Amino acid sequence: MAASFAGRGPAPVVLVERTADGGRKILISGGGRCNILPSTLAPERFVTDSPAHLMRAMLRAWPLAAQRAFFEGEIGLPLTIETDTGKLFPASNRARDVRDGLLALARRHGVTVQFGTVVTGLAPNGDGWRLETSAGPLRAGRVVMATGGLSVPATGSDGTGLALTAALGHRVHQTYPGLTPLTTAALRTPHPTPHSASGSRQPSLLAGLSLPVRLRVRWAGRTTEAHGGFLFTHRGYSGPAVLDVSHVCVRSLMTGADEAADAAAADGPDTRARLLVSWSDRTAQQWERDLLSGDLGVATVLGRVLPERLALALMHAASIPRDRRTSALRRVERTALVARLTSDELPWSGHEGYKKAEVTGGGVALDEVDPRTLESRHHRGLFLCGEMLDAFGPIGGHNFAWAWSTGRAAGLGAARRD
Ligand SMILES: Cc1cc2nc3c(=O)[nH]c(=O)nc-3n(C[C@H](O)[C@H](O)[C@H](O)COP(=O)(O)OP(=O)(O)OC[C@H]3O[C@@H](n4cnc5c(N)ncnc54)[C@H](O)[C@@H]3O)c2cc1C
């Protein structure tokens, strides 16, 4: 995106890319379909340690409607909306069309693409820049860095760009994996079956099960909420709702963060975030009403709303036999069960890290660049954009919206005549 906008200026533009074909995160995004944009932008759900007004200005610099028109018009890629999630995808449902369309546009604007070339060094040189690359040195009047963060390093982003930027004197906020699955040492089990050892914990029994939930994460005196899909994995939890709050859990494990001190003050010695889940949209009162009326199996009542395996696991956790009927449910049992259904504390012990993180939190502080042109405040002729900057958004196309908007601004900034 940055190259294709830089290519509109008078100077020749070279796109230097370490992989053999580029845009590999686009290819694996949205399960190979590329959730290219959201249908509604939610700046308030972005996470940054930099001044929030700078993040909002950079995000809104290219309005969503204009971004959509760009893809449909200039790239020639019709988009379609997934109505239940509000996510936009290419109508072809092929992420490759997005990557190929962007490359083709850059080439139409005269950009020379140099694949398989790693940038290893970057230094001011007279009026411009000298780049060290695996294919030898390059000279450039202006440089746009769009090297991403640290997530899924197999796609080409291993943090080299962040290290080069830091070495040039830019403040880089502590990085951490964002939108990453959580792990747990103790997964829930349904009632022991005749085939399972009585009471033993079998981590994989709920694996693969998915359902919509409401999640709350409490940490450092604050509550962060998300609702949407939840997935039990073999190692813990994933799905959009989990990914959207995972950064709070990740940060609660980081030492040295300012929030860790706040957390110790607010929460006492266990400074890890607490993860609470409501397994459906039903309130405690609604569940109480259901469990008090008629004479049905408790598992049947729960099974009207929840997958059977989960219903049994929750009954087990509340110490209720699987054949208990509602008429025989004692008050203490009902209270325990309703608490599990609406505010169940999920045990978690870690996360899947950068290996599976969809984004990198932290990065170059936003006040290190001009919010309009994204030019470095330390070095003229250096422009920074995308995930390497200190901001990320929730699942749903927001991170591409950020990459597209800041990439365009940096490209235009680099192309402008002084
Ligand atoms: C599995 C997965 C699914 C995702 N799904 C979505 C989604 O559906 N919707 C959404 O909005 N977001 C999604 N994201 C997030 C989105 O992909 C990123 O936010 C976005 O790609 C960031 O763009 P970027 O250009 O800043 O960085 P990147 O996409 O990481 O690109 C950086 C590029 O720089 C190159 N590079 C790095 N260092 C060097 C170097 N030293 N020399 C030469 N080249 C270098 C890399 O090879 C790479 O091509 C997903 C991410 C992942 C991992």
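A: Let's start with Arg 334, whose place is in helix 12. Helices here are DSSP runs of H or I with at least four residues, strands are runs of E with at least two, and both are numbered from the N terminus. Before going on, please keep in mind that this is a predicted model, in which local features need pLDDT of at least 70, side-chain atom pairs count only at pLDDT 80 or more, and totals for chains, interfaces and linings use all residues. Residue numbers start from 1 along each chain, following the sequence as written.

Leaving out residues up to four places away in sequence, Arg 334 touches Glu 288, Leu 291 and Leu 329. Touching, or being in contact, means that the C-beta atoms of two residues, placed from the backbone, lie within 7 Å. Ile 320 is 14 residues away from Arg 334 in sequence, and their C-alpha atoms are 9.0 Å apart in space.

Now step to Ser 319, in the loop between helix 11 (308–317) and helix 12 (331–342). Ser 319 is not a glycine, yet its phi is positive, near 60 degrees. With 10 C-beta neighbours inside 10 Å, Ser 319 counts as exposed. Compare Cys 34, another residue other than glycine with a positive phi, here of about 60 degrees. Cys 34 belongs to the loop between helix 2 and strand 2 (37–38), and it counts as buried because 28 C-beta neighbours lie inside 10 Å.

Let's zoom out to the chain. The domain assignment gives domain 1 (2–178 + 358–415) and domain 2 (182–351); such bounds come from an automatic or database assignment. Taken over C-alpha atoms, the centres of domain 1 and domain 2 are 37 Å apart. Where they meet, nine residues of domain 1 are in contact with 10 residues of domain 2. On the domain 1 side, strand 10 (residues 172–178) contributes the most, with four residues. That side has five nonpolar, three polar and one charged residues. In this sorting, Ala, Val, Leu, Ile, Met, Phe, Trp, Tyr, Cys and Pro are nonpolar, Asp, Glu, Lys and Arg are charged, and the others, Gly among them, are polar.

The largest nonpolar core has 110 residues, of which Val 144, Leu 384 and Cys 385 touch the most other members. Helix 13 gives this core the most, with 10 residues. Domain 1 and domain 2 both give residues to the core, so it lies between them. A nonpolar core is a set of buried Ala, Val, Leu, Ile, Met, Phe, Trp, Tyr and Cys residues joined through C-beta atoms within 7 Å. Not counting residues up to four places away in sequence, the contacts of Cys 385 include Val 144, Leu 374 and Ala 409.

There is a ligand too, with 33 residues around it, and Ser 29, Asn 35, Gly 148, Gly 156 and Gly 386 come nearest. Helix 2 (24–28), helix 6 (160–167) and helix 13 (398–415) each give two or more residues to this shell, where being near means a C-beta atom, placed from the backbone, within 6 Å. Helix 13 gives the most, four residues. By class, the shell holds 10 nonpolar, 17 polar and six charged residues.

Strands pair if DSSP finds at least two bridges between them, and four bridges join strand 3 to strand 4 (residues 87–90). Ile 81, for instance, has Leu 88 in strand 4 as its bridge partner. Four residues lie between the strands of this hairpin, where Gly 86 takes a positive phi near 75 degrees.

How values were computed:
A residue is buried if 20 or more other C-beta atoms lie within 10 Å of its own, exposed if 12 or fewer, and partly exposed in between; C-beta atoms are placed from the backbone.
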